Amino acid sequence: MRHKAKHRGPVVTMLWNTALEVRTRVAVGAGARHKLSSTLAQIGAGKRVLVLCQASTAVHWLRDVLDDLPGEDFKVTTLEVPDGEACKSTDWLIRIWEHLQERGFDRHDTIVALGGGSVSDLAGFAASTYLRGLNLVIVPTSLLAQVDAAIGGKTAVNLPAGKNLAGTYFFPKAVLADQEMLSTVPRKQVMSAIGEILKYAMIEETVAKNSDYEMGPTPLIDVLEKIIKDGFDIEDPGISGLITSCIKMKLYIVARDPREANLRRILNLGHTVGHALEKVGDFKLSHGEAVGIGLVQTTKLSVAQKRIEKAAVERVKEILIRAELPHELPKGSNKEELVSTMAHDKKRHGENIKLVLPHTRLGMVDYEVSYPIADLNKLL
Ligand SMILES: NC(=O)c1ccc[n+]([C@@H]2O[C@H](COP(=O)([O-])OP(=O)(O)OC[C@H]3O[C@@H](n4cnc5c(N)ncnc54)[C@H](O)[C@@H]3O)[C@@H](O)[C@H]2O)c1
């Protein structure tokens with residue numbers, strides 16, 4: 001039986017235009033972590049602060065960061081979550097909510113993520129959901145987190161069915177990226193972030209053309225090449241400049257297109273192949289390693305489509321080789337499985353997939369390519 005109301009008024013349809021107010025303070029450079037206390041004051045944070053960290057980072061940096069939060073000004077608690085990806089679970093999310101609730105956190109209070117991308121993803125999810133939003137400040141301690149994960153407002157936890165399946169968009173109030181903190185990261189892990197940094201270098205000119213990002217006097221790809229040739233010494237002052245360029249690029253892209261409707265897609269250069277490699281290989285390849293291979297394969301496709309000179313592939317490979325990163329598909333890769341994984345990518349639209357392809361020269365891309373799913377094998 002269908003229910004009928006006695007009195008029926010008109011159905012009112014309303015349309016809101018909302019704009020995402022994104023305001024993030026970013027400090028980059030050696031010693032930036034010491035700005036935590038003044039940053040909390042600048043964002044008008046409450047007294048309660050939860051510092052979320054992992055053992056392998058805490059052992060080097062927790063004391064140092066806590067010393068900057070005087071007891072008379074802040075009520076600080078810490079919570080150590082499991083190392084690496086294991087912390088991005090719903091179990092740990094609930095434990096954080098409970099921790100906040102038991103200690104009376106209110107909406108002015110703050111979660112500080114002290115760690116790599118795993119911690120900032122988890123902390124971001126917790127901060128965005130508890131009381132519908134606490135302050136979030138990120139002190140990214142890995143190179144990948146400094147140039148990528150801490151910036152851009154994507155938060156996530158993993159579900160048994162897959163990585164990053166639950167997430168929110170939530171922007172940190174501040175990010176303090178301190179190059180000194182990279183000194184305790186294992187070398188291989190630092191170098192794997194070069195896959196992402198190379199991606200930024202390969203999109204830089206197009207980002208400058210389509211956003212408020214301004215290029216420096218030397219293109220990022222030249223700067224990166226030089227720093228790698230010099231051995232990528234983490235104390236090289238040029239590295240802070242490199243980190244700053246990547247952060248600025250991502251901030252300007254996200255400011256223009258927070259929810260990946262168009263320009264933000266540019267950040268996916270090399271990721272269609274990269275994600276498939278990570279997944280098919282059971283995450284034995286790190287994200288940066290997989291993205292590096294993806295950059296080579298994608299540039300090769302651009303050469304085949306006569307978008308760019310063949311020398312571009314050699315240059316991309318050379319940078320990866322010098323950074324001791326893989327530059328070709330792992331031996332014995334199952335190409336059928338890779339193609340089928342790529343075909344299920346989030347960026348699929350019917351029979352096509354959105355692809356970002358290098359165009360004209362390194363630094364420039366076409367980020368609006370609609371590429372046939374049926375031709376994905378040409379990327380391998
Ligand atoms: N939200 C985003 O936009 C975004 C973007 C890229 C990656 N991510 C996520 O980031 C995660 C990967 O981040 P990651 O590469 O930083 O790895 P990670 O956070 O898993 O860290 C790897 C290990 O290094 C340790 N570590 C971190 N900093 C250290 C330091 N200074 N000294 C000693 N040890 C340190 C960590 O404790 C951990 O054990 C993934 O979960 C990925 O999904 C998110």
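Biologist: Which residues in H8 meet residues in H7?

Modeller: The model is a predicted one. On the side of H7, the contact is made by Ile197, Leu198, Tyr200, Ala201, Met202 and Glu204. Their counterparts in H8 are Leu220, Ile221 and Leu224.

Biologist: At what angle do the axes of H7 and H8 cross?

Modeller: Two packed helices are described by the distance between their axes and the angle between them. Helix H7 covers residues 194-210 and helix H8 residues 220-229. Their axes come within 8 Å, and the crossing angle is roughly 150°.

Biologist: How many residues of the contact of H7 with H8 are nonpolar?

Modeller: The contact of H7 with H8 has no polar residues and one charged residue. The nonpolar residues in this contact number eight.

Biologist: How far apart do the C-alpha centres of domain 1 and domain 2 lie?

Modeller: The domain assignment gives domain 1 as 25-184 and domain 2 as 192-379. The contact between them takes 17 residues from domain 1 and 16 residues from domain 2. The C-alpha centres of domain 1 and domain 2 are separated by 27 Å.

Biologist: Which element gives the most to the side of domain 1 that touches domain 2?

Modeller: Strand S1 (25-28) and helix H5 (143-149) each supply at least two residues of that side. Its residues divide into 10 nonpolar, six polar and one charged. The element that gives the most, with five residues, is H5.

Biologist: Which residues come nearest to the ligand?

Modeller: Helix H2 (55-66), helix H4 (117-129) and H5 each supply at least two residues of the shell around the ligand. That shell divides into six nonpolar, 15 polar and six charged residues. Of the 27 residues around the ligand, the nearest are Gly116, Gly117, Ser118, Thr141 and Ser142.

Biologist: Which strands stand at the edges, and why is one side of each left without a neighbour in the sheet?

Modeller: The sheet is open and has three strands in the order S9-S10-S11, with antiparallel pairing. Each edge strand has a single partner strand, so one of its sides has no neighbour in the sheet. The edge strands are S9 (348-349) and S11 (365-372).

Biologist: What is the bridge partner of Lys354 in S11?

Modeller: Strand S10 comprises residues 352-358 and pairs with S11 in the antiparallel sense over six bridges. For Lys354, the bridge partner in S11 is Ser370.

Technical notes:
Residues are numbered from 1 along each chain as its sequence is written. This is a predicted model: local features need pLDDT of at least 70, side-chain atom pairs count only at pLDDT 80 or more; totals for chains, interfaces and linings use all residues. Domain bounds come from an automatic or database domain assignment. Two residues are in contact if their C-beta atoms, placed from the backbone, lie within 7 Å. Helices (H or I, at least four residues) and strands (E, at least two) are DSSP runs, numbered from the N terminus. Ala, Val, Leu, Ile, Met, Phe, Trp, Tyr, Cys and Pro count as nonpolar, Asp, Glu, Lys and Arg as charged, and the others, Gly among them, as polar. A residue is near a molecule or strand if its C-beta atom, placed from the backbone, lies within 6 Å of it. Axes are lines fitted to C-alpha atoms, for helices over the stretch in contact, and angles run from 0 to 180 degrees between N-to-C directions. Two strands pair if DSSP finds at least two bridges between them.
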